Amino acid sequence: MESLVIFKLYTGLKYLMALSLAAWVYLLFTEKNKALRIMLVYAPVIVAALFLFPLSRKAFVALLDGEIYYRVLWTIPMGIIFCYGACRFFAGHRKLGLTLSGALIIGLGSLVYESRYITKAENLYHIPDTVIEICDLISPEDSEVRVTAAMPSELIHFVRQYDASINMPYGREMLGWSYYNAVYEAMEVPEVVEMEKLLEAARAEYCQYIVLAADRQTDREPAESGLTLLAEIDGYRVYADPVSVETVNGWQEYYNE
């Protein structure tokens, strides 16, 4: 029953499921290419049957992981089945195929640019300008040198995309799997940041820079804790920690010698 529930959730886009099923029936009777029949007609049925078969689930869970069992359904190319089936129908019935395919796309489709997950790009990197300005401020002039910075969770996705020379004590995996990280626990978890705990954790990771949202509540001002405010960029304050900076610079001088 759990597999059936997962299958229903996976096919939650009912229109796509219906269109793919219609295209599958059409290809079942019209597709002559053996390779395409195996991939688009037979394979999806076999995968769906194995996914719903209890013994298949038990074997998968025993060998791999039950939490990713749903990914088996990713091998059923519903979108490809519909698109290819529509193209085949259009090729065989030009006027009817054009009219029907166009009506389905217009009537059942949606404009992707209206999605809340899509926003107008601010630059060629397709990441917020704020991240670029912060990274440019703290990135080392020497391309062979790396710096470490503690970033708010909403920025960590973009930092790695823009500048790989900036290390972070935690990455985006914290948002999905949330393993323990001392810097994350001190910086992101509490409503009010305790600066002493944050500095202790950040210095253990040799974070030369700490970026905090301007409205982030702290038990005392970061400047009073020994941090140096470099700049405030679009609602984020970029601080340098002289202790970590001096430690890391000392290492670099030692290695250079």
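Mentor: Tyrosine 206 counts as partly exposed, at 34% relative accessibility. Buried means under 20% relative accessible area, exposed over 50%, and partly exposed in between, with a 1.4 Å probe and protein chains only. This is a predicted model, where local features need pLDDT of at least 70, side-chain atom pairs count only at pLDDT 80 or more, and totals for chains, interfaces and linings use all residues. Residues are numbered from 1 along each chain as its sequence is written, and side-chain values use heavy atoms, with hydrogens and water left out.

Trainee: Where is tyrosine 206?
Mentor: In the loop between α11 (195–204) and β3 (209–213). Helices (H or I, at least four residues) and strands (E, at least two) are DSSP runs, numbered from the N terminus.

Trainee: What about the phi of tyrosine 206?
Mentor: Positive, about 55°, although tyrosine 206 is not a glycine. Most residues other than glycine have a negative phi.

Trainee: And histidine 126, buried or exposed?
Mentor: Exposed, because its relative accessible area is 61%. Histidine 126 lies in the loop between α6 (94–108) and α7 (129–138). Its phi is positive too, about 60°.

Trainee: Switching to threonine 148: what does it touch?
Mentor: Its contacts (heavy atoms within 4.5 Å) include Glu205, Tyr206 and Cys207, not counting residues up to four places away in sequence. Threonine 148 sits in strand β1 (residues 147–150). It counts as buried because its relative accessibility is 14%.
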